[in-house]
Amino acid sequence: MAHKVSVLRDKNTPSPVFRQLTDELVTLLAYEATREVKTVEVEVQTPVATTTGTAFAKPTPLVVPILRAGLGMLEGMTRLVPTAEVGFLGMARNEETLDIITYAERLPQDLTGRQVFVLDPMLATGGTLVEAIKFLFDRGAADVTCICLIAAPEGIAKLEAAHGGNDNVHLVLASLDEKLNEKAYIVPGLGDAGDRLYGVAH
Ligand SMILES: O=P(O)(O)OC[C@H]1O[C@H](OP(=O)(O)OP(=O)(O)O)[C@H](O)[C@@H]1O
Ligand SMILES: O=c1cc[nH]c(=O)[nH]1
Ligand SMILES: [Mg+2]
């Protein structure tokens with residue numbers, strides 16, 4: 001994972017390689033993130049005997065990539081949890097004010113009892129993730145696990161201040177970086193994840 005993150009950070013890594021590495025990293029992180037996924041015992045008839053197996057509990061886990069950059073993590077996640085459902089949140093931070101704009105949402109109205117996995121490669125100030133988690137709990141989500149590639153300590157502190165007392169919020173990371181710079185970019189980070197995946201937005 002450390003090697004893959006190092007290549008992601010390199011400013012000379014082109015988009016196709018960046019997308020491929022993001023995908024590979026997510027599958028590794030998803031293994032860790034789903035450690036506590038709710039399961040039930042099921043009866044399985046093998047050709048030889050009846051045995052007890054495992055299946056996902058109902059309701060089915062929901063995966064929520066935060067557009068744009070989180071979309072680059074979706075396939076790597078659903079590869080590991082193919083039966084998960086997927087909902088979408090479109091959020092962007094205003095690069096000057098750092099305010100979060102939610103410009104799209106397409107996910108079930110009622111998330112009662114759902115285990116949700118949020119995908120977003122960057123946890124910088126934490127504004128986006130705090131807002132996304134609040135949105136999901138407001139709809140009744142039981143448990144939210146965030147999967148990020150890189151985080152800044154400032155973002156983790158904000159997440160802890162907002163949801164630290166809640167045992168139903170979890171965070172899985174590939175790297176905890178040093179700090180934010182004056183433009184609220186993660187240092188050393190990898191730049192703007194959305195732009196590196198898909199090109200400059202505007
Ligand atoms: O922790 P924060 O300070 O809120 O910053 C993190 C957010 O910034 C990036 O999205 P961006 O707003 O660049 O949108 P994009 O994915 O469309 O590029 C990133 O993908 C996170 O969603
Ligand atoms: O370093 C950062 C901070 C926010 N969003 C990004 O894509 N990168
Ligand atoms: Mg961006």
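This is a predicted model: local features need pLDDT of at least 70, side-chain atom pairs count only at pLDDT 80 or more; totals for chains, interfaces and linings use all residues.
Residues are numbered from 1 along each chain as its sequence is written, and chains are lettered from A and ligands numbered from 1 in the order in which they are written.

An unreviewed UniProt entry lists residues 2-199 as "domain: Phosphoribosyltransferase". Such annotations may be inferred rather than shown by experiment; feature names are shortened, and positions follow the numbering used here. The span is 32% helix and 32% strand. Its end C-alpha atoms lie 24 Å apart. Helices (H or I, at least four residues) and strands (E, at least two) are DSSP runs, numbered from the N terminus.

Around ligand 1 there are 21 residues. A residue is near a molecule if its C-beta atom, placed from the backbone, lies within 6 Å of it. Arg68, Ala69, Thr125, Thr128 and Gly194 come nearest to ligand 1. Strand E5 (88-93), strand E8 (122-123), helix H4 and helix H6 (193-198) each give two or more residues to this shell. The largest share, 3 residues, comes from E5. By class, the shell holds 11 nonpolar, 6 polar and 4 charged residues. Here Ala, Val, Leu, Ile, Met, Phe, Trp, Tyr, Cys and Pro count as nonpolar, Asp, Glu, Lys and Arg as charged, and the others, Gly among them, as polar.

The shell around ligand 2 includes Ala69, Met122, Tyr185, Asp192 and Gly194. It has 6 nonpolar, 2 polar and 1 charged residues.

Helix H4 (residues 127-138) packs with helix H5 (residues 153-163) at an angle of about 25°, and their axes are 9 Å apart. H4 is therefore roughly parallel to H5 (angles under 35 degrees count as such). On the H4 side, the contact is made by Leu129, Val130 and Ile133. H5 supplies Lys158, Leu159, Ala162 and His163. Residues are in contact if their C-beta atoms, placed from the backbone, lie within 7 Å. The classes here are 5 nonpolar, 1 polar and 1 charged.

Most residues other than glycine have a negative phi, and most peptide bonds are trans. Leu98 has a positive phi of about 65°. This residue sits in the loop between E5 and strand E6 (100-106). The peptide bond from Lys58 to Pro59 is cis, with omega near 0°. Pro59 belongs to the loop between strand E2 (50-56) and strand E3 (62-67). Another cis bond joins Val187 and Pro188. Pro188 lies in the loop between strand E12 (186-187) and H6.

Technical notes:
Axes are lines fitted to C-alpha atoms, for helices over the stretch in contact, and angles run from 0 to 180 degrees between N-to-C directions. Angles under 35 degrees count as roughly parallel, over 145 as roughly antiparallel, 65 to 115 as roughly perpendicular and the rest as oblique. Two residues are in contact if their C-beta atoms, placed from the backbone, lie within 7 Å.
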